[in-house]
Amino acid sequence: MSRVLLTGAAGFIGSHIRRQLLERGHDVVAVDGMIPAAHGPDAQAPDGVQVSNLRTADIDSMLDGVDVVCHQAAMVGAGVDARDAPDYAADNDLVTARLLAAMYRGGCARLVLASSMVVYGDGTYTDAVGAAVDPPARTTEALEAGHFERYLADGTPAQWALTPESAPIAPRSYYAASKAAQEAFAKAWTLETGGSVTALRYHNVYGPHMPRDTPYAGVAAIFRSQLENGQAPTVFEDGGQMRDFIHVDDIARANVAAIENTPPGFDAFNVCSGHPITIGEVAHELCRSIDGPEPVTTGRFRPGDVRHIVADPAHARETLGFTAQITPADGIREFATAPLRD
């Protein structure tokens, strides 16, 4: 049994991690800032969760007797506009730096860090014979004309490929930049202190008690909210964007595996289902599960969106012993009627 400091313990992912840790007999020090963007205004913390703003809180006192920190607290999602940038830097990067400093002072040498697939930027592509390529970025003109793929010099679409952890770090949003910076701070800390950091790069997470449709929510929750309001889910581009959707219970299992077997030094892992699926297929599966209206493919696009990003699950399987147990086909059917968080 370990004593675990779990930040973000009242959040969508943190609450599932807390439950699984307690079920396995771990002693959990649960902390959450209860920020309105994640929990809504005036939300009350669950029993046993200490309310602390980690930007300013006394983190040293939280680390008494702690063996490992599981850091889930973060500002997530695409955000609204550039005015969100200071909050991403403060809630994600400043807080992580303060946490690492407190761990150094307190002699706590193990950290499990919630990271994200967004650090990879545009993902991985090959040509028709499987050779790695870096096709030109999509232009606004091409997107407006309905050409959503990334294209090779001869005009043929590049093929998506599984992205390994060794892929370049190339963030394309404020959130992505903050997650890349978290990893960089954590890696520097391991080099200086000899501590261990396991960075878990989550892919598209969904599941019960996911936040509803907000600028910080995932696409699965947006589709669910539209269906609950009697609206057809609106799918951007042509719906062919390839992703990996992973159930929140599997995310929690990956964290428990990392907590119980933290590799030495700094290491990063894709946390994914291993079953790629398109955004359009997710929308259709949700609609079929509740006999709802068919999705509407709008052709609209958002500048900066990534066309395809799909993870290679091999490293997590081989090093952490983690393999997702819930396929998107099963999980999305369950998610169609699962409760959401206001």
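In this predicted model, 7 strands form an open sheet whose order runs E3-E2-E1-E4-E5-E9-E14, and the pairing within it is parallel. Strand E3 (49–51) and strand E14 (266–271) stand at its edges with a single partner strand each, so one side of each remains without a neighbour in the sheet. From one strand to the next, the twist averages 20°. An open sheet of 4 strands, with mixed pairing, has the order E7-E6-E8-E17.

- Strand E1, which covers residues 3–7, pairs in the parallel sense with strand E4, residues 68–71, and the pairing extends over 4 bridges.
- In this pairing, leucine 6 stands opposite cysteine 70, a residue of E4.

**Helix packing on that sheet**
- Helix H8 (residues 248–260) packs on the sheet, where the strands touched by the helix are E1, E4, strand E5 (110–116), strand E9 (196–202) and E14.
- The direction of helix H8 makes about 165° with that of E9.

**The sheet of 4 strands**
- The order E7-E6-E8-E17 places strand E7 (132–133) and strand E17 (310–311) at the edges, and because each has a single partner strand, one side of each is left without a neighbour in the sheet.
- Although the pairing in this sheet is mixed, strand E8 (residues 159–163) and E17 pair in the parallel sense, over 2 bridges.
- Leucine 162 stands opposite valine 310, which lies in E17.

How values were computed: Residues numbered from 1 in each chain as written. Predicted model: local features only at pLDDT ≥ 70, side-chain atom pairs only at ≥ 80, totals over all residues. Heavy atoms only, no water. Pairing = 2+ DSSP bridges. Axes fitted to C-alpha atoms, helices over the stretch in contact; angles between N-to-C directions. Contact = heavy atoms within 4.5 Å.
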